[in-house]
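Trainee: Hi! I have a new structure open and would like a friendly tour. Could you take me through it?

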Amino acid sequence: MITAIVLIKTSVDRIPEIAESIAALDSVSEVFSVTGTYDLIAMVRVARHDDLADVIPGRISKIQGVEATDTHVAFRTYSQHDLEAAFAIGLDG
């Protein structure tokens, strides 16, 4: 699974509607409304790198009100949930 973090600038008067439209896309797992330079951050998860082109410039960027995107592809994923599961291997109760 390939994970991309997409930073999105939008029309500020339509942030909630744009966020809902992005969140409704199949490959988008979460959309966060944030402070700072960008208005939204979307987590995109796809099976192949080529699929990123279908989702980001092909669908996200075409949503009315999306002004710009900046995409970062993750090399690895680290999470507290994964660490807890790894340390629990082989432990009973």
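Mentor: We can go through the sheet, the core and the salt bridges in turn. This is a predicted model, in which local features need pLDDT of at least 70 and side-chain atom pairs count only at pLDDT 80 or more, while totals for chains, interfaces and linings use all residues. Residues are numbered from 1 along each chain as its sequence is written, and side-chain values use heavy atoms, with hydrogens and water left out.

Trainee: Thanks! What order do the four strands of the open sheet have?

Mentor: The order is β2-β3-β1-β4, with antiparallel pairing. Strands (E, at least two residues) and helices (H or I, at least four) are DSSP runs, numbered from the N terminus, and two strands pair if DSSP finds at least two bridges between them.

Trainee: Which ones are the edge strands?

Mentor: β2 (28-33) and β4 (66-73), as each pairs on one side only.

Trainee: And how many bridges join β1 to β3?

Mentor: Seven bridges link β1 (residues 2-10) with β3 (residues 40-46). In β3, M43 is the bridge partner of I5.

Trainee: Where does helix α1 lie?

Mentor: Helix α1 (residues 15-23) lies across β1, β2, β3 and β4, running at about 165° to β2. Axes are lines fitted to C-alpha atoms, for helices over the stretch in contact (heavy atoms within 4.5 Å), and angles run from 0 to 180 degrees between N-to-C directions.

Trainee: New topic: which residues have the most contacts inside the largest nonpolar core?

Mentor: I8, I22, V44 and I60, in a core of 20 residues. β1, α1, β3 and α2 (49-55) each supply at least two of its residues. Such a core is a set of buried Ala, Val, Leu, Ile, Met, Phe, Trp, Tyr and Cys residues joined through side-chain atoms within 4.5 Å. Buried means under 20% relative accessible area, exposed over 50%, and partly exposed in between (1.4 Å probe, protein chains only).

Trainee: How many salt bridges are there in the whole structure?

Mentor: Three, each being a side-chain nitrogen of Lys or Arg within 4 Å of a carboxyl oxygen of Asp or Glu. In one of them, E30 pairs with R45, with the closest N and O atoms 3.4 Å apart. E30 lies in strand β2 and R45 in strand β3, so the pair ties together parts that are 15 residues apart in sequence.

Trainee: Which residues are linked in a network of salt bridges?

Mentor: R48, D50 and D51. The closest N and O atoms are 3.7 Å apart for D50 and R48, and 3.0 Å apart for D51 and R48.

Trainee: Is D51 buried or exposed?

Mentor: D51 is buried, at 17% relative accessible area, whereas D50 is exposed at 53%.
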